[in-house]
Amino acid sequence: SEHFYYRSSMYQKYRKEILETDVSYFTKYYDTSGYHSYLLGDGEHYKLLSFLSNRLDDNSLVLDLGCNDGHSALALAQNRNVKVISYDIQPKPIVFVNDYPNVQFLTQDANSIDKDILLEAKLILLDISHDGLSETKFFDNLVKIGFKGILLLDDIKLNEPMREFWNHIAVTEWFKTIESYDITDVGHKTGTGLVLLYDGDTFNW
């Protein structure tokens, strides 16, 4: 489709910039020469997260669903002019919490987040249970409530349930206002998907 060729051209335009995004800020909080060395590698999605966050308008809301150690929240918070809310059902200590006042950490299941918060968000990172069912429930709800923005999906190739979830999104694309792209080559090695949900004829980036 014309959307595919337009997005492909735009993606190639930004791919080099994404891969060159600076993620050295991780070295302040983690020993990147040891276990956390993957934080600086091209096989993870932190460069992509920082890139996307820095393209958002000031005061935009970003949701990080599945906080874990806070790595993704830290990448998203590099744009100090956006607000990041990071959710997890089993929160862990976050080492950078005092340095980033634009990040808020909450204990809550992704599928119980208030509709108004979801609709306010411009970018949502979904990295939760990886059972496929929870992810499908969340995505279907976004479509139902009329969310408009960017949905970034982690681990779309991790296992069969996640691959089925990704295929479910492709089937949903009969809506003319939903587009999905596999952008694993600038994301997580176990698969990164980009979904655009929008009004009108094309996504306004």
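Colleague: So helices (H or I, at least four residues) and strands (E, at least two) are DSSP runs, numbered from the N terminus. Where is Asp-155 found?

Modeller: Asp-155 is in the loop between β5 and α6 (160-172). Bear in mind that this is a predicted model, where local features need pLDDT of at least 70, side-chain atom pairs count only at pLDDT 80 or more, and totals for chains, interfaces and linings use all residues. Residues are numbered from 1 along each chain as its sequence is written, and side-chain values use heavy atoms, with hydrogens and water left out.

Colleague: Is Asp-155 buried or exposed?

Modeller: Asp-155 counts as buried, at 7% relative accessibility. Buried means under 20% relative accessible area, exposed means over 50%, and partly exposed is in between (1.4 Å probe, protein chains only).

Colleague: What about Asn-59, what's its phi?

Modeller: Asn-59 also isn't glycine, and its phi is positive, near 70°. Asn-59 sits in the loop between α2 and β1. With a relative accessible area of 69%, Asn-59 is exposed.

Colleague: And α2, how many of its residues are buried?

Modeller: Eight of eight, so helix α2 (residues 46-53) is mostly covered. Among the buried residues are Tyr-46, Lys-47, Phe-51 and Ser-53.

Colleague: Switching to the sheet: in what order do the strands come?

Modeller: Seven strands form an open sheet, in the order β3-β2-β1-β4-β5-β7-β6, and the pairing is mixed. Two strands pair if DSSP finds at least two bridges between them.

Colleague: Which strands stand at the edges?

Modeller: β3 (103-107) and β6 (178-182) do; each has a single partner strand, so one side of each is left without a neighbour in the sheet. Neighbouring strands here are turned by 15° against each other on average, direction ignored. Axes are lines fitted to C-alpha atoms (for helices, over the stretch in contact), and angles run from 0 to 180 degrees between N-to-C directions.

Colleague: In what sense do β2 and β3 pair?

Modeller: Parallel, over five bridges.

Colleague: Last one: which strands does helix α5 lie across?

Modeller: Helix α5 (residues 133-145) lies across β1 (61-65), β4 (121-126), β5 (149-154), β6 and β7 (192-197). Contact here means heavy atoms within 4.5 Å. Helix α5 runs at about 165° to β4.
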